Amino acid sequence: MSELLEVQDLQTRFKVRKGYVYAVNGVSFRLEEGETLAVVGESGCGKSVTMLSLVRLLPPAGRIESGQVLLRGDDLLALDQRQLRDVRGGQVGMIFQDPMTSLNPFINIGTQMAEPLLYHRGMSKKDALARSAELLEMVGIPDGVARLREYPHQFSGGMRQRVMIAMAMSCEPSVLIADEPTTALDVTIQAQIVELVKELRDRSGVAVIWITHDLSVVAGIADRVIVMYAGYIVEEAPVDAIFEDPRHPYTVGLLGALPSLGGETGTRLTTIGGAPPDLAELPTFCPFHTRCPFVIDRCRSENPMLEPVSGASDRGHRAACWVDIRGVTEQTGGTVATEQ
Amino acid sequence: MTTQELSGPATFSTVEASRSNLWKDALARLAANRLAVVGIIPIILLFFIAIFGPYLTPYDFLAQDFTARLAPPSSVHWLGTDELGRDVFSRILYGARTAVSVGVISTVISLVVGIIMGSLAGYLGGRVDMMVVWLTDVTRSMPALLLAIVINLTLKVPLEAWLEQMYLQTKNTFFRQTMWVDLVLVFGALALIQWPGYARLIRGQILSIRSRNYVLAARALGMPTNRILTRYVIPNAMGPLIVAVSAGLGGAMVLESAFSFLGVGVQLPIPSWGKMISDGLRLWQTHSYLLVGPAAMMAIITVSFAWLGDGLNDALNPRQWKE
Amino acid sequence: MSQTDTLNDRTLVRVEGLTKHFSVRIGAYGETKATVHALDDVSFTVKRGETLGLVGESGCGKSTAGLTLLQLHTPTSGKVFFEDTEVTGLADKEMRPLRQKMQIIFQDPYSTLSPRMTIGNAIGEPLWLHNLATEQGGQERIAELLGQVGLNPAFAFRYPHEFSGGQRQRVCIARALACEPEFIVCDEPISALDVSIQAQIINLLQDLQEAYHLTYLFIAHDLAVVRHISDRVAVMYLGRVVEMAPKDRLFDNPLHPYTHALLQAVPVPNPRQERQREHTVIRGNVPSAINPPSGCRFHPRCPLAFEPCDHVVPEWREVESDHWVACHAV
């Protein structure tokens, strides 16, 4: 595998009425060719803002303060608008959470699907429509030619998400960014979409960045996982290590908060007390320390960097924590108890 | 657990939230809105003049100075005098009274009608709703000024005849004052033009609030309907209504001037800015100062109400706090 | 838990053939009248002290079931009993004392609190309405309730917009508790919340259940959550209950093909298991409730469908003790 995307020290903040919201605070990560990277975190952790920053699709109040986004060596943050448009929808395909509002209700599916092909590929209208029909069948919508003439309201939520995926994949991108693509969908439809993306990925070799708040979905699709909290990456590891050997207290807490379908009955869920911090200023402490059961004095005065963890099975396993929590979790049997 | 709940706001949405009450918050936001504050000052001044104007004017609005007819602005007559030698400045101050009383009274009438019709439509739904909506649509489809002219032309003569008859029958001098006819017609026309707006607003508010979950929650608690209305529906419908009333007041004052300008307004000895503008217009090439005063007042008041309405809209909109 | 179960193993709420149809107008000008079969012939019981989970995908009628049970929708037909009282058909006034005993917590904590009422007043409303406290005693009770749901009693004078979703849901729980209810319908109470906050609310609901011997109807779409919190689980599909059983039996040995498919679709939070697991994905979408399929409503998507499924409605029967299912193939 070779490197496809490298993000270095990305910082994004939003101007609000009283100052700034520091949404992304120095995020660095890499994506290999054909790899699936899951980005996990709760609302407001900066996961979506990070991905929107990559292709510079931030709302007007947002500003990228620093950083580099190297896609096969080209810095996306240095491109002009025209070059950037070639990247969006060309090399980088995107799908969003809400398939209901991502499609224009007044234009039929065929015209919308043909658009990127006409623009990025310079195809003729006829070829673009033919290719769109193929794409629809590829994402599991039979009778593609007929359905191209239909309008978005004639498609169900799951079907619309399939259309969005078909559009994102139409120019054979090297990266597919999926921002909570299954959150608005029912569980059986979610399973269909996950299977579809896995299948497309295996067939075309596209690298996938899958943004989600749902750790269970991650287990089935990701190769590597990034956990974000308060605009920082707090842990990064191969998927097995995240679930079996989590090293950041927040990751431990998230895993404990998941009820399992396997069903150990009668147990209490472990919770993370309190709520995420206010991002109105850059913390000079660990942003998780107010909710952390392992907190030590150092956490209150210094913000830990993301560093390789000791004794990990994989060299890519990094966490941002002053405490080596392994010993502590073993003592309490993996339960995070809140003590003050 | 309790101590942790205290620590820090939870999400972006609450970062900005302050700790005081909603109306205070709204007021603070309003005070922070420069245009709204600039708009409030002339409005307060207008109401002040309307109430205390007669004590402030250098001259009576009727006092004629035959030696100084059509005199240009001077230290004696700050804004000059009109054809009959009346002091323009004094008349403008008195005009505020007409503007404010017409604005307030017609707004109150149309508000009452609008609230009744709107709540009936919103609550009863079905045929009543269809009727009210149809009625508002019909009224709103007619040009306001045309409506006023038609009302004036068709009702003025019969009404005056009726008053005359009443006087002959009762010998009550009350019926001799024909200025009531003008007032009733102006208020009636303004109310007729304005009630559909309030009715539609109230109806929309009720329909939307009725489907809110907090009303469902109140029903689940066993709350009786009248209590749901007074405790949940009405307080939540207030914000948009306040905004609409602010805009409506300004609108009514402008309309009254337009009526007077067209000669279907209040034919009173009391000056009206619209009447002054229409009188001044005849002489504007030679005596433009007659026009400047009342026209400037109209413009200032219109803009002020618009700014205040905008400010209120922003201040009372709960979405604003979230962002 | 097991002790109270045996002591109070009797029915608190009984639902018999509950049906709710909504009439809507469709077409560009609303020219066609149509009927939404939101809830069709649903029967179940909730035992005192237990949690009955009600799961299904969006549009399956699970929320309608909760609202109709509480008479917040007027049922088209069917009966609901609370203890021995029939609540269907009661006038508002007769219903009021029962409302105190039967409460609800809604999904969206943002819209269930009036933005113009302090949370103290929101919690106080039911106290004063049902004469559970005097004006003065109310303040103490409000503080106590806030403490019980893990909020600072000093918050009573604040407005909902100052709180996060999780905190608001706690306020809603306190408001329901203020009625001193016996039965609470939890209508997707955690779906709008973040994972770590979800766990807090689940734990809180369980603690309160234990402290006040509450009975829950827990409506949710997340099967893992339902398994965690419920004693028995009912699965709904397109307006009908298709299977109901004690949770372990339902999750370990589902009989209805839809339950089976639903369980297959849930991702397992374990990468190794997830890689080995068989991924048979159920095909197609949930059909419209305006024109639901005849016979068994699941038959167009069912891998086991055979001759009678498309025209005979399967009977709702108890195939083994306490395990109910509606399927021709079982």
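This passage describes a predicted model, beginning with the fold of chain C and ending with the contact between chains A and C.

The secondary structure of chain C consists of 11 helices and 12 strands. With a radius of gyration of 21 Å, close to the 20 Å given by the globule rule for 330 residues, chain C is as compact as a globular protein of that length. Along the principal axes, its C-alpha atoms occupy a box of roughly 70 × 55 × 50 Å. Buried residues make up 52% of the 330 residues of chain C. When contacts in chain C between residues at least 6 apart in sequence are considered, 64% of them join residues at least 24 apart.

Within chain C, an open sheet is built from four strands in the order β2-β1-β4-β5, with antiparallel pairing. The edges of this sheet are taken by β2 (32-47) and β5 (85-86) of chain C; each has a single partner strand, so one side of each is left without a neighbour in the sheet. Helix α2 (residues 62-69) of chain C lies across β1 (11-26), β2 and β4 of chain C, and runs at about 115 degrees to β1(C).

In chain A, strand β7 (residues 175-179) has four of its five residues buried, so this strand is largely enclosed by the rest of the structure. Strand β7(A) pairs with two strands, described here in turn. Four bridges connect strand β6 (residues 92-95) of chain A with β7(A), and these strands run parallel. Here A:L176 of β7(A) is the bridge partner of A:G93. Strand β8 (residues 207-212) of chain A is joined to β7(A) by five bridges, again in a parallel arrangement. The bridge partner of A:A178 in β8(A) is A:W210. Together with α7(A), the strands β7(A) and β8(A) make a right-handed β-α-β unit.

The largest share, six residues, comes from α7(A). By class, this side of chain A has 15 nonpolar, 13 polar and five charged residues.

Terms used
Residues numbered from 1 in each chain as written. Chains lettered and ligands numbered in written order. Predicted model: local features only at pLDDT ≥ 70, side-chain atom pairs only at ≥ 80, totals over all residues. Contact = placed C-beta atoms within 7 Å. Nonpolar A, V, L, I, M, F, W, Y, C, P; charged D, E, K, R; others polar. Buried ≥ 20, exposed ≤ 12 C-beta atoms within 10 Å, placed from the backbone. Pairing = 2+ DSSP bridges. Right-handed = clockwise from strand over helix to strand, strands pointing away. Rg over C-alpha atoms; globule rule 2.2 N^0.38 Å. Axes fitted to C-alpha atoms, helices over the stretch in contact; angles between N-to-C directions.
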